[in-house]
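Please walk through the model below, one region at a time. The text takes a sheet, then a helix, then a single residue.

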Amino acid sequence: MTCSHMPSLHPLTPRIHPARWHFVRSPLAHAFMVSFMVAMMCATALTAHAAPSSKAVRSEPPKHTAGDIGQLPPEVQAALQRAKVPSDNFHVMVIDTHTGSTPRLSHQAQERVNPASLMKLATTTAALNTLGPAFVWRTPVYVDGSVRDGVLHGNIYIKGSGDPRLVVERLWLLMRRIQGLGIQKIQGDIVLDRSAFDVPARDTASFDGEPLRPYNAAPDALLLNFKSLLIQFVPDRAANVARVQIEPPLAGVQFPATVPLSNGDCSDYRSALRADWSDATRIRFSGNYPAVCGEKMWPIAYAAPQQFAPRAIAGMWQQLGGHLSGQVRDGSIPGNLQPTFNIESATLAETIRDINKYSNNVMAQHVFLTLSQQQRGVGSFDASRDVMQRWWRERVGGEVPTFDNGSGLSREERISAQALARLLQVAWASPHMSELMSSLPVTGLDGTMKRSKAQASAHLKTGSLRDVAGVAGFVDTASGKRLVVVAILHHANANAARPALDAIIDWAGKQP
């Protein structure tokens, strides 16, 4: 779900089970991780399958290249009418998983439309195919200088490799690894090398005017905690204040330790706080916090994203008792220096679960950029578009979509329901089908499909923008078969017509 349309909950509403994390440092950090790995969702069961050979085999061409086949079910048409969405704005393909089959339903399926986050299916499928499910990102750390009596006389270098999930816990571990080398004071600088990605500077407000929404975070070769922080409010009724804590610690940033409590309701506590983000070095709340809210976590993107990594690294080093005589700055790794140690990410298979189940935009963009970074040494959007186009021609065939950043947080990306269905058929025949399937939200159970009203059992990626709503994936039928289902609403009232998506899912589930 890309995110200009916001659901009733905040896009970072906690939905990740704590067991997913290998290390939790404190209750606040635990809550931070639960909240932030859903980050950028806004507005998500492995299935038995006999995998074919891992060799690339071109399957037979698709037969679904003509016009409409069948009629939209009456319940779907009724849902569209209630939302005042013309049927021509509903793009649907329902087809068996094997290529060469004839669609059971095809409606406006050849028209290229903006797919929103459904485009993540192309990015993650290509990544599984080209990088492999066991691929990991490694963040090397270099020590340049001698260590005497706990003092490093020289610099620490950290080289970003595009790790999409270098979150606060793992930053803490990185700092502890440095201290494990006997370093308590750095008589020099901490230098950050971000050269693995070549991405243009971007105004975080440019997409939808919401620069503080974490889903708008821009990619960065050294992306720390999605350039976002979590503000915790804990009411202390005896003192008539709510105590405030912020993770991760940001060096040089002031924030109030408390805010006054009020007797108001909790329907809009963020507005009641009257937050002022205009000064990135001083977070202010001139309002109050409703006592009835209890404890709350407010995830927010840092107002000066380019400063986030230096401030977070310096802040974490200080919090661990370390001393730094110099500064945290950008720079390059000396050519003759070898890594002292590496911090490894989770595997790609685990990473795409977060991307697809919770529709994490910046993580998807990192995977997209990694496709070209692994081939050419430096990742860029232009190069990754070339990689994706070539991969599509070789492995999927047919019309080539218009790729932009690979996440669907774009007004430029275009693909048809027919092409998405073709992609899912190819994915079904892939040796990595189970990894892709396990990354898709399950209807009524988890991720962005948790609130789905559909009764059929299905694994479906969701997509949502201001005027787009869609689902794409696999639906189980009553007879035990599995169908590919793609349905995209493209209209100003798209989000009001979501019941049509549930209706087409249930219709597919009743097929013989």
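**From a sheet to a helix to one glutamate**

Strand β8 (residues 228-236) runs antiparallel to strand β9 (residues 241-247), and seven bridges join the two. Strands here are DSSP E runs of at least two residues and helices H or I runs of at least four, numbered from the N terminus; two strands pair if DSSP finds at least two bridges between them. In this pairing P235 stands opposite A242 in β9. The model is predicted: local features need pLDDT of at least 70 and side-chain atom pairs 80 or more, while totals for chains, interfaces and linings use all residues. Residues are numbered from 1 along each chain as its sequence is written, and side-chain values use heavy atoms, leaving out hydrogens and water.

Both strands belong to an open, mixed sheet of five, ordered β13-β10-β9-β8-β14. β13 (289-290) and β14 (296-301) are at the edges with a single partner strand each, so one side of each has no neighbour in the sheet.

Helix α12 (residues 498-509) spans 17 Å from first to last C-alpha, close to the expected 16 Å (1.5 Å times one less than its number of residues). Ten of its twelve residues are buried, so α12 is largely enclosed by the rest of the structure; buried means under 20% relative accessible area with a 1.4 Å probe, protein chains only. Among the elements that its buried residues pack against are α2 (74-83) and β1 (90-96), contact being heavy atoms within 4.5 Å.

E413 is found in the loop between α9 (381-396) and β18 (415-416). A polar atom of its side chain lies 3.0 Å from the backbone nitrogen of G408.

Conventions: A polar contact is a pair of N or O atoms within 3.5 Å; within protein, one must be able to donate a hydrogen and the other to accept it, and residues adjacent in sequence count only if both atoms are side-chain atoms. Buried means under 20% relative accessible area, exposed over 50%, partly exposed in between (1.4 Å probe, protein chains only).
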